[in-house]
Amino acid sequence: MRDVAAVRRWFTGLALLEQLQGGDRDLLAEHATWVTLQAGARLYGQGQPGSALWFLVEGEIVLGGKPGDAVDGVVGLAITTPGYPVGWDGMVWPGRHRWDAVAASRTLLLRVAREVIDDRCRADEGFAARLHQLLLWLAATQLRRQHTRLITSRYDDETDAVAALIASRAEELRVTSALHRIPGYLRSRPTVADAFRALEAIRDGEDALEAEIAREALDMLAGVRRELRVYLGLQRAYEAVASAPRDVGPAEIRARTCRALVDLFTQTEYRIAGLDRLPPTSGNVVLCNHLHSHPTNRLPNGFSLILDTHFVSSMILYRTYGQPPVRVVRDSHWNEAGHARYYERLGYVMVPSSEGPTTAAQRAERYERFVAEASAALRTGQDLIICPEGCPGTTASSPGRLRIGAFQLAARLDPEPMIVPVALANFDQRLSRAVFGAVVAEPFRMSDVVADPADRDQVARFVNDDLAPRYRAWVREAAALR
Amino acid sequence: MEVGSSSMSLVDLMPGASALPAALVCELDRWSTVHDVAAGTVLLRQRAVIEDLIVLVCGRIATLVDFAGTGDLVVETTEEPGRVFGWSGLNALGRATATVRADTDSRIMTVPLIPVHDGPPGWTAALCGVVAGALADRTRELQVRWSGAADAPEGIEDA
């Protein structure tokens, strides 16, 4: 789009400029010059006189703040809509910019000098009126967006906020407007990506009102977009396991999963304390408190990829030792095809579910198999992750009752492994709002903390009276990490 | 209660009005009136057609937005003389996007837009430019207020 004819066609197609006439747009096209900004470059500064109008062609301009700052529409504002007249605030009284404008990525704009616009305004008062009505509309839209953000920031859920935004403008919209479908798309996780695609199409479409609402909605959904990226990462992590070629062994699949999860968690907010307390080598029993997965992370097949243990596997153990750990996982229930498809490929140590063996002999046989498999994993230098609660709970109530099986297991192994407690917090919250917290506590051996590790009562007293209260404190500490 | 035709000029009251064409200012001053309004008086109703600009002389004005079943929410209050409300009257749609209400007993100037609509297009351009600047300043002020109190937003409460 380097020639005037192409630029003219581009200006003609801009719904944002529908208040201008064809001749007005031609004037802009004829006098427009190209400006390319690299990421971080400043287009203009707060307080500078307005010297031009810039029309965004591609890229992103951030008004207020610096690139990388949170752009939440309340304090900072990101402009990504093609055709948006950047710098309008310098064209109105008193002719100075209110905000710094900085490119957040490589950005292409078309610049029309102020002198050109002022000359035409003097020569054609009709043009002046149309242009300044457009500038007033831009100013009012920005103020209105600010008001909307002040209100919607009260909503706990961005989806509710967007639904309310669309409902609040419903009487202005066509009954066939695609905007009416957006709340439905947003309420089902697998169709959230469709909601973004639809909103972006509406934003770039010909209906100025719909485009304005779509821009506001996209602004509100910044956190949801981040969640979507993580959700797509969860899907990829699941498929990396469940759809791995048959000739790939469990250890390689575990390593691939850990790498996929590291990529996934780097897109989240997390804090880890106490990494320096990890033993120098792997081959330890690693305890985790177990937290519910937020319902919005459930995959389309109903399977929830539990984030907490995956976080410990990938972000703590794999990144420290370069070796994927082995987890202790319950057998799949009869109706959990997704669970079975995922875990059968990973070579984890499986323990019976509530649907497991019914006779004492069968249970004893399964327990011995569990001990043998767990011992084998530890002997080969792999970490063994166990959630001693057995079932997940909330951060506020975590940990629940700690079962003593993991501790008895550690006590009877030779050589006796270190036990590394890891306290986790906030993995039960929505990704867009949570700061995941993890505290690695001081490792210990059972023989250091009870006189006779083979004595079930002594182990139970240690776990219930000594360890459990300290574990609760570590979880509080993890929840407070910021 | 209407006080009567204004002896006060828009230029003295509204930031940027001195940049307006002198003939426009004269015309607006001729048409404008100053009112005392009681606390609670609704000056503009969201979605209603707008025929006048409202300029705050003294007192406090709240801006409220009805947002899909949540009721009218206060999004902004101001005690700043010269604040202008009713910008929508200058644009084609011409309907208020928010409700504007006197929060305390206040004095306001009502500026009919008829002379602007009936006058030369340059008058519309000039007034739009000044009002747009005022709106940009309001947006900026809200952002500054929020950046300093992001965790404890003030000025937003159920009306």
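1. In this predicted model, four strands of chain A form an open sheet in the order β2-β7-β4-β5, with antiparallel pairing. The edges of the sheet are β2 (42-44) and β5 (77-79) of chain A, each of which pairs on one side only. Neighbouring strands are turned by 30° against each other on average, direction ignored. As background, strands of a sheet pair through backbone hydrogen bonds, either parallel or antiparallel.

2. One pairing in this sheet can be followed residue by residue. Strand β2(A) runs antiparallel to β7 (residues 101-103) of chain A, and two bridges join them. Across this pair, A:Y44 stands opposite A:A101 in β7(A).

3. A:P94 lies between β6 (85-86) and β7 of chain A, and the peptide bond from A:W93 to A:P94 is cis, with omega near 0°.

4. Two residues call for a check of phi. A:N426 is not a glycine, yet has a positive phi of about 75°. A:N426 sits in the loop between β14 (419-425) and β15 (436-440) of chain A. Is A:N426 buried or exposed? With 25 other C-beta atoms within 10 Å, A:N426 is buried, since the cut-off for burial is 20 or more. In chain B, B:R47 has a phi near 80°, again a positive value in a residue other than glycine. B:R47 is found in the loop between β3 (42-44) and β4 (52-58) of chain B. B:R47 has 14 C-beta neighbours inside 10 Å and so counts as partly exposed. For background, most residues other than glycine have a negative phi.

5. Which residues of α7(A) are buried? They are A:V192, A:A195, A:L199, A:I202 and A:R203. Seen down the axis of α7(A), the buried residues fall within an arc of 100°, so they line one face of the helix. The general rule is that an α-helix has 3.6 residues a turn, so residues three or four places apart point the same way. Among the elements that cover the buried residues of α7(A) are α6 (182-187), α8 (208-220) and α9 (222-242) of chain A.

6. A:A201 also belongs to helix α7 of chain A, but is partly exposed, with 13 other C-beta atoms within 10 Å. A:A201 and A:A211 are ten residues apart along the chain, and their C-alpha atoms are separated by 8.6 Å.

7. The contact between the chains takes 30 residues from chain A and 37 residues from chain B. On the side of chain A, α4 (125-152) and α5 (158-168) each supply at least two residues. The largest share, 18 residues, comes from α4(A). By type, the residues on this side of chain A divide into 18 nonpolar, eight polar and four charged.

8. Some totals for chain A close the note. Chain A has 16 helices and 15 strands. Of its 482 residues, 42% count as buried. Among the contacts in chain A with a separation of 6 or more, 72% are between residues 24 or more positions apart.

Terms used
Residues numbered from 1 in each chain as written. Chains lettered and ligands numbered in written order. Predicted model: local features only at pLDDT ≥ 70, side-chain atom pairs only at ≥ 80, totals over all residues. Contact = placed C-beta atoms within 7 Å. Nonpolar A, V, L, I, M, F, W, Y, C, P; charged D, E, K, R; others polar. Buried ≥ 20, exposed ≤ 12 C-beta atoms within 10 Å, placed from the backbone. Arc of directions from axis to C-beta. Pairing = 2+ DSSP bridges. Axes fitted to C-alpha atoms, helices over the stretch in contact; angles between N-to-C directions.
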